[in-house]
Amino acid sequence: MERFVVAGGARLAGEVTVTGAKNSVLKLMAASLLAEGRTQLTAVPDILDVSIMSEVLRRLGCTVTRGERSVTIDVPAELKHEADYDLVRRMRASIAVLGPLVARCGEAKVALPGGDAIGSRGLDFHIAGLVKLGAHIESEHGYLIATAPRLTGAQVWLDFPSVGATENLLMASVLAKGTTTIDNAAREPDIVDLCDFLVAMGASIEGIGTSTLVVEGVERLTPVEHETLPDRIVAGTWAYAAALTRGDVYIRGGRPEHLEIALDKLAMAGAQVRADLDGFRVTMDGRPKSVDVVTLPYPGFPTDLQPMVLALNAVAEGTAMVTENVFEARWMFVNELTRLGADVRTDGHHAVVRGRERLSGAPVRAHDIRAGAALVLAGLVAEGVTEVADVHHIDRGYEGFVESLVALGADVRREDVEDELPF
Ligand code: UD1
């Protein structure tokens, strides 16, 4: 077990480079299963989730080689079709192999996932969509078993623009017979990246970037080389870190057009945001002002930056309401933030944050990737020392988080924790 020890009182200043997007690369890796042969992905972040997905693919029969910022996946003609609980429970995104496996092998057996502790995150939209495409699905002994000798195009309406369901249905339908329409599809940049990748492989997809995707199934796809798009949530984390610490950070590789509302909120809080061709810079003089935020599917305010805006509001001038519409139980972070002295009350989907002049360092625990990163940011502006435990969550999504913070002037270190209690 490891923890981060964060000294309060930092002002972040300097430059940080954004890595490829976690939420994109994991799906690109899963989509590589759709074509026999060698796929090469570049701008791949060095994070735990990429290691987990590499292992998922290896156990399906692929040869996966990691290079500096790249991953090469050799997909055999005959794939195995089972993703076991051992791996899927460690990373919910493993469910992304479901669609490609049914499309490619006619069958898939994928363990029901665990993953982040942020709400129930059902799979009903994934299942209903695959059933529409002609798959037979049952659940047995903790596994989803899907079979379909050949998927057939269909009209699918999603109740909610789920990122994971849109991706699974896209990956299933590109090899289906006939036309599939996915209505109320998610529009996240990660989905556009996946569509671009599939199109380069030979898929036919119309409406990319809109909420109606029309896929004309093809007989086969061919492997390609593809560069992962930059991680907008990592870029957003650094933007909020700069504002929170009243700092001045240039976020190289960050794409402001993928973060419009999140950066607009920062401007409303008093930050200056200036973009150029290579990234953007966030500068904050003085105490931030409170900002109300409502999380929504893209292009709304991203739920993955909700913990960061809560942390900002915790030290801002005024009172703010933060409304969470995407995940139902994403308030576990609030309990940890209040341990640092934040004044936050939650009621259903809403959190009311009364800004305090200062927070006070304490031991806290990361429950998921983004909450973990936000606790580190809160620790940077708390008085004294904050120890963030369970940092393996942060390692799942942030490459070299501590090293980047140190380069920006923070006093943060990683240390081993020995559990002294025998139970
Ligand atoms: C992805 C991202 C995650 C981000 C989320 C929303 C990855 C690896 N993770 O997660 O970082 O926070 O999008 O932007 O890309 N739902 C159902 N039934 C379903 C599917 C989803 O009820 O079949 C619900 C979920 O419980 C949740 C909401 O829909 O409340 C959104 O989930 P979804 O968009 O599918 O998120 P993920 O793909 O899991």
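In this predicted model, a polar side-chain atom of D124 lies 2.6 Å from a nitrogen atom of the ligand.

| Residue | Protein atom | Ligand atom | Distance |
|---|---|---|---|
| D124 | polar side-chain atom | nitrogen | 2.6 Å |

Taken alone, the ligand exposes 740 Å², of which the protein buries 88%. The shell that provides this cover has 21 residues, and those that come nearest to the ligand are K27, D124, S162, D304 and V326. Sorted by class, the shell holds eight charged, seven nonpolar and six polar residues.

Three helices, α1 (22-31), α5 (124-132) and α6 (163-173), each contribute at least two residues to the shell. At the level of domains, the ligand lies between domain 1 (2-18 + 230-416) and domain 2 (22-227), because both of them give residues to the shell around it.

The second largest pocket has a volume of about 280 Å³. It is lined by 16 residues, among which A103, R104, L175, E219 and R220 are the closest to the centre of the pocket. What classes of residue make up the lining of the second largest pocket? Ten of the lining residues are nonpolar, five are charged and one is polar.

Technical notes. Residues numbered from 1 in each chain as written. Predicted model: local features only at pLDDT ≥ 70, side-chain atom pairs only at ≥ 80, totals over all residues. Heavy atoms only, no water. 1 Å grid on protein atoms, 1.4 Å probe; cavity = no way out; pocket = protein on both sides within 12 Å on 5 of 7 lines; lining within 4 Å. Points joined across faces, edges and corners; volume = space filled by probe spheres on them. Nonpolar A, V, L, I, M, F, W, Y, C, P; charged D, E, K, R; others polar. Near = heavy atom within 4 Å. Polar contact = N/O pair within 3.5 Å; in protein donor to acceptor, adjacent residues only side chain to side chain. Areas by Shrake-Rupley, 256 points an atom, 1.4 Å probe, with all protein chains shown as cover. Helix = DSSP H or I, 4+ residues; strand = E, 2+ residues; numbered from the N terminus. Domains from an automatic or database assignment.
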